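Here is a short briefing on a protein–DNA model. Please keep the sequence and the structure open while you read.

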Protein chains: 2
Amino acid sequence: MKLSTKGKYGVRAVYEIARHFGRGPITIKEIADRQGISFSYLEQILHKLGKAGLIESVRGPAGGYLLARKPAELTIGDIVRTLEGPIALSHCLEPGEAGDCYQADDCVARMVWTKVGAKIEEALDSISFEDLLTQQQVQQKEIILKPKKKAALAGKGVC
Amino acid sequence: MKLSTKGKYGVRAVYEIARHFGRGPITIKEIADRQGISFSYLEQILHKLGKAGLIESVRGPAGGYLLARKPAELTIGDIVRTLEGPIALSHCLEPGEAGDCYQADDCVARMVWTKVGAKIEEALDSISFEDLLTQQQVQQKEIILKPKKKAALAGKGVC
DNA sequence: ATATACTTGACAAAAATAGTCAGCTTTGTT
DNA sequence: AACAAAGCTGACTATTTTTGTCAAGTATAT
């Protein structure tokens, strides 16, 4: 039950694009630097999000990426579904593959994975990038108020 | 966002044990046959569930596996957590690894994965094996009432 | 004793993940 | 027109995870 780096990087990248909202396109390089993601790998990820219509690209000098919608209309779920495929916990729930289960309508597991999958979708779709921007502002204030906490941090991992 | 076969086989295996509840131990072989799972692989899975205290084993002839609790007190979440590890969508949320994220309390992604993870746990824990047994009885009735649907099924996949 | 069944650890093929790399196309600027 | 910035695209590869298999045990009821 893990997300791949694609999903995680994707959310963080789009978050950077969202932070840049209203200030023209942001380049892959800038996103990669800010988030510590490989440039080449990020290219792949952003391209996929672009093809899905979630972000838009501007070619040529001073180009880069833009949100295709307002931050409030773009959810974590949009990004995760695009990069990780449909949330089908079990193979037999993927579109077009339903008939593969030899137990089919006698299958109790099917009910379980359907129900849990729906809950996951619900959770992912309930969080927009505007929520993230708001959240970031709150956290920023907290850091200013308690600057000592920041000193304790080190390491190279990322969320 | 897929479950591994371990989690899926685990749920189906425990479901078989639950169906056998009150009738003494059921053997690995019988579970493997009924659910079409490799005997050796299932051994590993059941052993892990046994060590976690979710099921109990009886050795010797006429031995096998039993539920360690009543079906109503055993949830899908218990099985999935044991077989797939804690539901930590991102590495940085695993127990003991929190400090690894270089962004730590400035990290908005962290909030997201925590929130979604909690929803998943909630969904998994809301389904007990008693629910599955009840569900199965309902489905069984439906099959008897509409026997024609069953004829349309084929293939080898499983949920 | 012995047959049945669980225990444990080592091993291996196959698939998915996480990148890397090279060369291309588009477009604004001079 | 030429150039450089920036995205586009597909092929390739190393690593890790998954999905098992196999073999040699240990425990126990009859």
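DNA strand C is surrounded by 24 residues, each with a heavy atom within 4 Å of the strand. The closest are A:Ser38, A:Gln44, A:Arg59, B:Glu43 and B:His47. This is a predicted model: local features need pLDDT of at least 70, side-chain atom pairs count only at pLDDT 80 or more, and totals for chains, interfaces and linings use all residues. Residues are numbered from 1 along each chain as its sequence is written, chains are lettered from A and ligands numbered from 1 in the order in which they are written, and side-chain values use heavy atoms, with hydrogens and water left out.

**Polar atoms at the DNA**

- A:Gln44 places a polar side-chain atom 2.6 Å from a base oxygen of DNA strand C.
- A:Tyr9 has a polar side-chain atom 3.1 Å from a phosphate oxygen of DNA strand C.
- For A:Arg59, a side-chain N or O atom is 2.3 Å from a sugar or linking oxygen of DNA strand C.
- Elements giving two or more residues to the surface near DNA strand C include helix 1 (5-19) and helix 3 (39-51) of chain A. Helices (H or I, at least four residues) and strands (E, at least two) are DSSP runs, numbered from the N terminus.

**Hairpins**

- In chain A, strand 1 (residues 55-58) and strand 2 (residues 64-67) pair in the antiparallel sense over four bridges; pairing requires at least two DSSP bridges.
- A:Val58 stands opposite A:Gly64.
- Five residues lie between these two strands of the chain A hairpin, and A:Gly60 in the turn has a positive phi of about 80 degrees.
- In chain B, strand 1 and strand 2 run antiparallel, joined by four bridges.
- B:Val58 stands opposite B:Gly64.

**Helix crossing in chain B**

- The axes of helix 1 (residues 5-19) and helix 3 of chain B come within 10 Å and cross at roughly 75 degrees. Axes are lines fitted to C-alpha atoms, for helices over the stretch in contact, and angles run from 0 to 180 degrees between N-to-C directions.
- The two helices of chain B are therefore roughly perpendicular (65 to 115 degrees).
- Contact residues (heavy atoms within 4.5 Å) include B:Tyr9 and B:Ala13 of helix 1 and B:Leu42 and B:Ile45 of helix 3.

Notes:
A polar contact is a pair of N or O atoms within 3.5 Å; within protein, one must be able to donate a hydrogen and the other to accept it, and residues adjacent in sequence count only if both atoms are side-chain atoms. Angles under 35 degrees count as roughly parallel, over 145 as roughly antiparallel, 65 to 115 as roughly perpendicular and the rest as oblique.
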